[in-house]
Each structure stands twice: as C-alpha cells, then as structure tokens.
Amino acid sequence: MDQQQKPASGGFKKFIIAFIILVIVGLGATGIFYYLRFFGPNVTDNEEYLYIKTGSTFTDVYNTIKEQHIVKDTFAFAATAQSMEYPAKVKPGKYRLKEGMGNRAFINMLKAGNQEPVKLTVRGLRLKTQLAAFVSKQLEPDSLAIIRLLDSAQYVEKFGLNTDNVYVMFLPNTYEFYWNTPADKFIDKMYAYYNEFWTPERKAKAQALNLTPAQVSILASIVDWEALHDDEMPTIAGLYLNRLRVGKKLQADPTVIFATGDFTIKRVLNRHLVTNSPYNTYLHEGLPPGPVMMPSINAIKAVLDPQKSDYIYMCAKEDFSGYHNFAVTEAEHLKNARRFQQALNERNIKK
C-alpha cells in the first residue's frame, strides 16, 4: 500500500510546486503591472506646461490634468497623489512638463513647487496700460490688478512717485519672475530693479542737472522718441537741457502727439499744438508730468551725460535719414524747418 501512495505523493508535490510558481509569477506580473502604472511613464506631450492658479485645490489640478490630457492614466495619477499626500500640498505655479515623466517624479515636482521662472522682456511699451496688458499675458495677475495699483495715489506714494510718473520705475530689460507672482510683488520687484539702476553716481549726475531720477526718465522718454539713432541722443538731450536752463518751453513734438493720444500722427500741425493737456510742452513750461514712453537705458544715460552745446532748436533732416538739423538761432532754425516742410509736401505727407 505504501508503494501505491508514493506516486500520488510525488504528484501532489509537483502540484504544490506548480501552484507556488504560478502564484509567484502572478504576484510578479501584478507587481510589474502596478509598478508600471504608478511609477512608469505617464506624462504625455500634449502640453508644454501645467499652470496651477493661486488658490487651486487638488480637484482643480486633477480636472485641469484630465481636461488637457496631461497624463495617460488619470486614475494612477490620482492614486499616487493620494498616497504621496499631495492634495494637502498644492502649490500654484507654471510647471514644465516632460514627456514620459512618471507619477512620482511629476507629483514630487508639484509638491516642491519646482516651477520654471518666466523670462519677461520689457521694452518699447508706450503706456502703462500696454505694460499691464503685456505682463498679464506672461504672468498670472490680470491687467486690471496691475493698473489699479499703478493708478492708486496711496499705493505709489510709498515709492516716492505719483500716478503720473510711476511708469518711470519700469526700465527696459529682461527680468525673471515666477508665473504666480502677485501684482503688488511684481511692482515691488520692478521698483527694486529701479533702485539698483539708480546708483549714487547716477543720482549725483541727476542732481547736478537739477533733476530728480524721475525727471531724468521723463526727459529721456522725449529724447528716445525724438531720436531714431542712439548716437544722436546726447545732442538732443543737451538741447532740451539748454531750453530748461534758459526757461524756454521744450516744444517737443512727442509730447504733443502723446497729448492727442493719436500715435499715428507723422506730421504735427498747428491744430495739434493747441491740444489742452499738461503733456503739451508747446503750452506748458518745463517737463510733462510723466514719461511719454518707456525710455531706453541709452536715452537715460544720454540725459545724464549730455553733449554740451549752445543748441536751442532742432528739426528733422529733409533727407528723412532720421537725423536732425540743430540750430542756435531761431532764424537758422526756420530755414531748417522750411526745408523739412518742403520735403514733407513733396512726399504728400499731410498728417
């Protein structure tokens, strides 16, 4: 009887071994499945960035990821996020997505707030409303939030500026900001850059001209508008400083165009010269209350280091080269002006 049971015992052992192997293989397959699902590649190439707005909840983040198809498996993302306690640690920002990122790497980036800074290149914007609109396309704050602060006398007073001249604090350059920087922090940082620019040496040069840093920038905005070529800026700056020194009105065409609000004007006419505005330097003495555009750094430097001359008048050259004819006397200036007016007429430039 013992001999008859041996084969059965051997078969049972084989069955047990086979069963164990199947279990191990099954567990291994399951483990691999779950490993790939929760740790394997999940982020798609559908979007370059994930934007998480200030105040967002995990539900908001999840819905954005689902709607924009940022991951292949939203269940695996959500499950991993829960296991990593991400729902309680949502941070706003602009996050660069890399195709093939696993859930853990993706969520670790979001939890740590490792967002990519925004490079903001600011230049050539004429109005502070244009600046606000431009910034709102690059950063989270909307343009109204920025304008409300810049138009608040109480707010800008802390910078030693007013609502007319506050735009001088925005200097053309490339800056780095986090996407979710609030409007007030954006302005604070721009003011910090402004203060860095105005070194003691530059402040001393401004004082020697009897100008404040803000007034230097206001004059520089006129110089920048007038000068098509940077190498002529010091001459133009020196001319306007001469007019200020002797008490003559600046009579700067850019201020008239700014006063009209019509930036398509190519020829300033007598009807433009009577525009009732504090920015019209044909009607009012001294500098306008604020800049007529965002001045370049070269224009500011030109005002601080002007070319010394006796020039009081200037007129665009009749060859339309972008340069000017300068004059000391009014008689000489009128000759230059007639030549330019004739050139305008020949090209049928009426306005």
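**Tyr167 and Phe170**

I looked up Tyr167 and Phe170 and found both buried; buried means under 20% relative accessible area, exposed over 50%, and partly exposed in between, with a 1.4 Å probe and protein chains only. The model is predicted, so I note its terms here: local features need pLDDT of at least 70, side-chain atom pairs count only at pLDDT 80 or more, and totals for chains, interfaces and linings use all residues. Residues are numbered from 1 along each chain as its sequence is written, and side-chain values use heavy atoms, with hydrogens and water left out.

Next I listed the aromatic pairs. The structure holds 19 of them. The ring centres of Tyr167 and Phe170 are 5.9 Å apart and the planes stand at 45°, so I logged this pair as tilted. My cut-offs: rings of Phe, Tyr and Trp (its six-membered ring) pair if their centres lie within 6.5 Å, with planes under 30 degrees apart stacked, over 60 edge-to-face and the rest tilted. I also found a cluster, in which ring pairs link Phe58, Tyr62, Phe77, Tyr86 and Phe106.

**Whole protein**

I counted 15 helices and six strands in the protein. Helices (H or I, at least four residues) and strands (E, at least two) are DSSP runs, numbered from the N terminus. The protein has 351 residues, and buried ones make up 40% of them. It exposes about 19,400 Å², and carbon and sulfur atoms supply 53% of that. Those areas come from the Shrake-Rupley method with a 1.4 Å probe; for residues, only the protein chains shown count as cover.

Then I checked contacts, meaning heavy atoms within 4.5 Å. Among contacts between residues at least 6 apart in sequence, 64% join residues at least 24 apart.

**Largest pocket**

I took the largest pocket next. Its volume is about 1,400 Å³. The search runs on a 1 Å grid over the protein atoms alone: a pocket is an open set of points where a 1.4 Å probe fits, with protein on both sides within 12 Å along at least five of seven lines, and lining residues have an atom within 4 Å of a point. Grid points are joined across faces, edges and corners, and a volume is the space filled by probe spheres set on the points.

The lining has 42 residues, and Glu226, Asp253, Val268, Ala316 and Phe340 lie nearest the centre. I traced where the lining comes from. Elements that each supply at least two residues include helix H10 (213–226), helix H12 (253–260) and strand S5 (313–316). H15 gives the most, with eight residues. By class I have 26 nonpolar, seven polar and nine charged residues. Here Ala, Val, Leu, Ile, Met, Phe, Trp, Tyr, Cys and Pro count as nonpolar, Asp, Glu, Lys and Arg as charged, and the others, Gly among them, as polar.

**Second largest pocket**

The second largest pocket holds about 290 Å³ of space. I found 14 lining residues, with Leu209, Leu241, Asn242, Arg245 and Pro306 nearest its centre. H11 gives the most to this lining, five residues. The classes are seven nonpolar, five polar and two charged.

I located Ser217 in helix H10. Not counting residues up to four places away in sequence, Ser217 touches Val168, Trp198, Pro295 and Ile300.

Ala299 sits in helix H14 (residues 297–304). Ala299 is also buried, with a relative accessible area of 0%. With residues up to four places away left out, Ala299 touches Ala220, Asp224 and Met233. I also noted Pro234: its C-alpha atom is 7.9 Å from that of Ala299, and the two are 65 residues apart along the chain.

**Thr174**

I placed Thr174 in strand S4 (residues 173–177). At 40% relative accessibility, Thr174 is partly exposed. Beyond its neighbours within four places in sequence, Thr174 contacts Lys119, Leu120 and Thr121. The C-alpha atoms of Thr174 and Leu120 are 5.4 Å apart, across 54 residues of chain.

**Positive phi**

Glu85 lies in the loop between helix H3 (74–83) and strand S2 (93–96). Its relative accessible area is 52%, so Glu85 is exposed.

Asn210 also has a positive phi, near 60°, and is a residue other than glycine. I found Asn210 in the loop between helix H9 (200–208) and H10. At 72% relative accessibility, Asn210 counts as exposed.
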